[in-house]
Amino acid sequence: MSKGIKVINVNDGELRELKGGLRSRRIITKKSVGSEKLMVGIATCDPGKGHDWHCHVDGQEEVLYIVEGEVTVTWIEDGLEKKLVAKKGDCIFSPSGVENKIVNTGNTQLIMVACIVPPPE
């Protein structure tokens, strides 16, 4: 694989549907461009859908940038359920080891850019 700059179209990413109805395309990956330290993808979901409870481990941190829509993020902290709402233009940071879920609580399709470091296998 070339070590130079690469351009990948978002539609070339493998489409996956996650538990809860979130549709995800991993765009920048080891397989697509040789990335060793970063995964970038785009995620979409319809109102009322989202990504069920999950947890990034092994030092993985995630950033979600809200391109369109509104999302409610729920996570567990000190045994308590906490919630925040993020809208277009907001970024969500999820540290490693924090169990969380997201739900599109808006009236339109949710579109997010997701970055995970280090990348999932």
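Select Asp46 to begin: is Asp46 buried, partly exposed or exposed? Asp46 counts as partly exposed, because its relative accessibility is 35% (buried is under 20% relative accessible area, exposed over 50%, partly exposed in between, using a 1.4 Å probe and protein chains only).

Before moving on, some housekeeping. This is a predicted model, where local features need pLDDT of at least 70 and side-chain atom pairs count only at pLDDT 80 or more, while totals for chains, interfaces and linings use all residues. Residues are numbered from 1 along each chain as its sequence is written, and side-chain values use heavy atoms, leaving out hydrogens and water.

Strands here are DSSP runs (E, at least two residues), numbered from the N terminus.

Stay on Arg23 and show Thr44, its bridge partner in strand 3. Strands 2 and 3 are antiparallel, paired over five bridges; pairing takes at least two DSSP bridges between two strands.

Next, pick Glu68 and Lys88: their salt bridge has its closest N and O atoms 3.3 Å apart. Glu68 is partly exposed at 34% relative accessibility, whereas Lys88 is exposed at 55%.

Last stop: Lys82 with Glu77, a salt bridge at 3.9 Å between the closest N and O atoms.

How values were computed:
Helix = DSSP H or I, 4+ residues; strand = E, 2+ residues; numbered from the N terminus. Salt bridge = Lys/Arg side-chain N within 4 Å of Asp/Glu carboxyl O.
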